[in-house]
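Please keep the sequence and the structure in view while reading.

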Amino acid sequence: MKDWPKYAPTTASDTVISQLGPTFFFCAQMVIFIIQLNQIVTEKEKKLREGMQMMGLWTSVYWISNYISGSILVLINALVTSESLLAMSFALSTLVRKSNTAVLLGIFMFIIGLLFENFVFSNSFVGFLWWEPHTVDIAGYYVLMFIPFFNFGHMFLDISTRTTGKLDSLTGTYIAGDGFAWDDLYTKTSSKLLPTYGGYTPDVPNPVDALGLMIMNVFFYLFLTWYLDCVIPNEFGKRLPPWFFLLPEYWGISLLKSKHNSQVSDVWLQRVMDGSSKKLNLVADVEEEGVSLERENALNKGVESL
């Protein structure tokens, strides 16, 4: 004979969400991460980006257009968390040249993040361990704060702990949570809801700190994308020096020189298309006498060979 079934506790749904929520929410965000990473690396592998740049596409326009298109999916999913992962996918795309490698890298990041969310932030005892300096070296936290899914797990754990509450293992009683309001972003979690490690209670930051770190991740990885995209050679070996941001030419300050080069290029094109060896006044205006003479001789030899 079996006993009559019992009603599930009223906190059962909150407990299930707090334990399994990080995993499912993270999986939804990683889909955008893998798709965006694979798309950018595929364009690099097939030299589509270089072809568009030859037609006049600016590098800044390329990255902004990818960011806007990815942000549309992010708005449907989750704003800040997916934005940080989107920026991280941009930075990783500068280090990869093959689409197959990009997919493997995306799946690798997915597995690492899945393990984090499933085994670390699904349990408050393990999740809050990172902020207990007597047990874990605090330097590990300063490294992990640059990983978007770590900051997401921290914020989710703070919200779920205040909403779900805590079961006291000594008395067997349940300590109900007070819920989570917007004002709670700026207040620390009560010590009654936090686990203890050898008599020490972790000093957990405010939830808004995790939100700020995710916003920091967005700008950090966008900056990393901009820098690595300039200093790492592209498919044709073209790159800028590591100190390119100190050069006035990069910021378009040398406008006179750019105008000079543009005029000389126009002269070359006109001379080659006309097949004429007659000196143009424009060349004399924009070139020195010695350079103009050498160019004239080279063009005359080219016309004679034709």
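Helix 5 consists of 22 residues and extends 31 Å from its first C-alpha to its last, close to the 32 Å expected at 1.5 Å a residue, where the expected span is 1.5 Å times one less than the number of residues. Helices here are DSSP runs (H or I, at least four residues), numbered from the N terminus. The model is a predicted one, in which local features need pLDDT of at least 70 and side-chain atom pairs count only at pLDDT 80 or more, while totals for chains, interfaces and linings use all residues. Residues are numbered from 1 along each chain as its sequence is written, and side-chain values use heavy atoms, with hydrogens and water left out.

The buried residues of helix 5 (under 20% relative accessible area, with exposed meaning over 50% and partly exposed in between, for a 1.4 Å probe and protein chains only) are Ser-99, Ala-102, Gly-106, Met-109, Gly-113, Phe-116, Glu-117 and Val-120. They cover an arc of only 120° around the axis, taken from the directions from the helix axis to the C-beta atoms, and therefore lie on the same side of helix 5. Asn-100, Leu-104 and Phe-119, on the other side of helix 5, are exposed.

Met-109 is in contact (heavy atoms within 4.5 Å) with Phe-26, Met-30, Phe-33, Met-88, Leu-92 and Phe-149, leaving aside its neighbours within four places in sequence. Helix 8 is mostly covered, with 15 of its 17 residues buried; its end C-alpha atoms are 24 Å apart, which agrees with the 24 Å that its 17 residues should span at 1.5 Å a residue.

## Ser-93 in helix 4

Ser-93 lies in helix 4 and is buried, with a relative accessible area of 1%. A polar atom of the Ser-93 side chain lies 2.5 Å from the backbone oxygen of Phe-90. Not counting residues up to four places away in sequence, Ser-93 touches Leu-37, Ile-40, Val-41, Lys-44 and Trp-63.

## Aromatic pairs

Rings of Phe, Tyr and Trp (its six-membered ring) pair if their centres lie within 6.5 Å, and planes under 30 degrees apart count as stacked, over 60 as edge-to-face and the rest as tilted. By this rule the count comes to 15 aromatic pairs. The rings of Phe-146 and Phe-220 have their centres 5.1 Å apart and their planes at 55°, so this pair is tilted. The pair links distant parts of the chain, 74 residues apart, with Phe-146 in the loop between helix 7 (139-144) and helix 8 (148-164) and Phe-220 in helix 9 (residues 207-231). Phe-146 is partly exposed at 29% relative accessibility, and Phe-220 is partly exposed with a relative accessible area of 29%.

The pair of Phe-223 and Trp-226 is also tilted, because the ring centres are 5.6 Å apart and the planes are at 50°. Phe-223 and Trp-226 are three residues apart in helix 9, and so are separated by about one helical turn. Both belong to one aromatic cluster, formed by Phe-223, Trp-226, Tyr-227, Phe-244, Phe-245, Tyr-250 and Trp-251.

Methods: Helices (H or I, at least four residues) and strands (E, at least two) are DSSP runs, numbered from the N terminus. A polar contact is a pair of N or O atoms within 3.5 Å; within protein, one must be able to donate a hydrogen and the other to accept it, and residues adjacent in sequence count only if both atoms are side-chain atoms.
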